[in-house]
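Here is a short briefing to read alongside the model. Please keep the sequence and the 3D view open as you go.

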Amino acid sequence: MRRFLLIYTYLLVGAIIQGMSMSLFLFPHSIPSGGGAGIAILLNHWFGISLGFSLWLANIFFLIFALNYFGFTWTVRTIIAVATTSTVVSILSADLSLPHINILFDIFTGSIFFGIGVGVLIRVGASSGGMAIPAVMIASYKKWSPGKVMMAINFCIFVLTSLVIDYKIVIYAIICQFISTNMIDIIYNLQIQKVKILSPYWRKK
């Protein structure tokens with residue numbers, strides 16, 4: 001029971017940090033933290049759907065496939081993470097308006113906190129959702145590198161977002177990806193007491 005509570009406490013903390021980084025630092029500049037966030041920004045831009053609900057829509061389709069591919073535990077934890085992140089984004093986007101004086105500061109700060117949040121989620125056997133799900137599925141089927149597949153998918157979405165909203169977004173998004181992925185590696189490799197995790201590459205037999 002103690003380990004169960006610890007896992008889901010970390011899960012909620014990671015999702016909250018991820019949601020705060022997106023809503024307070026990245027989304028105000030329409031900077032996607034990943035492919036799923038890019039789709040959410042486009043849905044918000046085209047249809048006026050709230051960012052929190054758009055983020056949920058961008059993930060729900062892939063989560064259905066993840067249930068059969070990755071198994072029940074991994075999918076449930078990811079659903080909780082996505083739902084918590086979407087709720088945080090909805091609340092903060094609606095109720096808080098912060099001055100964004102320096103875009104580079106926001107990118108740097110948002111990317112660091114985003115990486116911390118995702119790193120925590122990975123350590124407790126969950127995912128931030130988004131394009132990580134189809135990327136791992138495609139990579140497994142084609143025997144390609146999951147990281148390269150995810151970067152290729154994200155890059156296409158970044159380019160589309162930049163064409164629709166602002167061409168500079170693709171540059172900002174790549175900077176965000178570089179900083180956040182390095183932060184994810186730092187968090188994942190920290191030598192602290194580990195809780196049992198389920199790798200995102202684990203597949204239900």
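A residue is called buried when its relative accessible area is under 20%, exposed when it is over 50%, and partly exposed in between, using a 1.4 Å probe and protein chains only. With that in hand, look at helix α2, where G35, G36, A37, G38, A40, I41, L42 and L43 are buried. This is a predicted model, in which local features need pLDDT of at least 70 and side-chain atom pairs count only at pLDDT 80 or more, while totals for chains, interfaces and linings use all residues. Residues are numbered from 1 along each chain as its sequence is written, and side-chain values use heavy atoms, with hydrogens and water left out.

**Overall build**

- The chain has eight helices and zero strands; helices (H or I, at least four residues) and strands (E, at least two) are DSSP runs, numbered from the N terminus.
- Of its 205 residues, 47% count as buried.
- Contact here means heavy atoms within 4.5 Å. Among the chain's contacts with a separation of 6 or more, 76% are between residues 24 or more positions apart.
- The chain exposes about 10800 Å², and carbon and sulfur atoms supply 70% of that area, calculated by the Shrake-Rupley method with a 1.4 Å probe.

- Confidence is given as pLDDT, the predictor's score for each residue from 0 to 100. The chain averages 82, and 87% of the residues score at least 70.
- Among the helices, α1 has the highest confidence, at a mean of 93, and α6 (residues 132-142) the lowest, at 74.
- Over residues 194-203 pLDDT stays under 50, although the model has 28 contacts for this stretch beyond four places in sequence.
- Where pLDDT is low, the predicted coordinates should not be read in detail.

**Nonpolar cores**

- A nonpolar core is a set of buried Ala, Val, Leu, Ile, Met, Phe, Trp, Tyr and Cys residues joined through side-chain atoms within 4.5 Å.
- The largest one has eleven residues: M22, F27, A37, A40, I41, L51, L55, V89, F114, V118 and I184.
- Helices α2 (35-47), α3 (51-70) and α5 (103-123) each supply at least two residues of this core, and α2 gives the most, with three.
- There is also a second, separate core of ten residues, including F62, F70, M131 and I133.
- Leaving aside residues up to four places away in sequence, L51 touches F27, A40, I41, N44, V89 and S93.

**Around helix α2**

- The 13 residues of α2 should span 18 Å at 1.5 Å a residue, and its end C-alpha atoms are 18 Å apart, so the two agree. The expected span is 1.5 Å times one less than the number of residues.
- G34 is found in the loop between α1 (2-26) and α2, and it counts as buried because its relative accessibility is 11%.
- G34 touches N154, F158 and Q177, not counting residues up to four places away in sequence. G34 and N154 are 120 residues apart in sequence, yet their C-alpha atoms are 6.0 Å apart.
- Just after α2, G48 takes a positive phi of about 70°.

**Cysteines and an exposed isoleucine**

- With a disulfide taken as a pair of cysteine sulfur atoms within 2.5 Å, the count is zero.
- C176 counts as buried because its relative accessibility is 0%, whereas C156, at 54%, counts as exposed.
- I64 lies in helix α3 and counts as exposed, at 56% relative accessibility.
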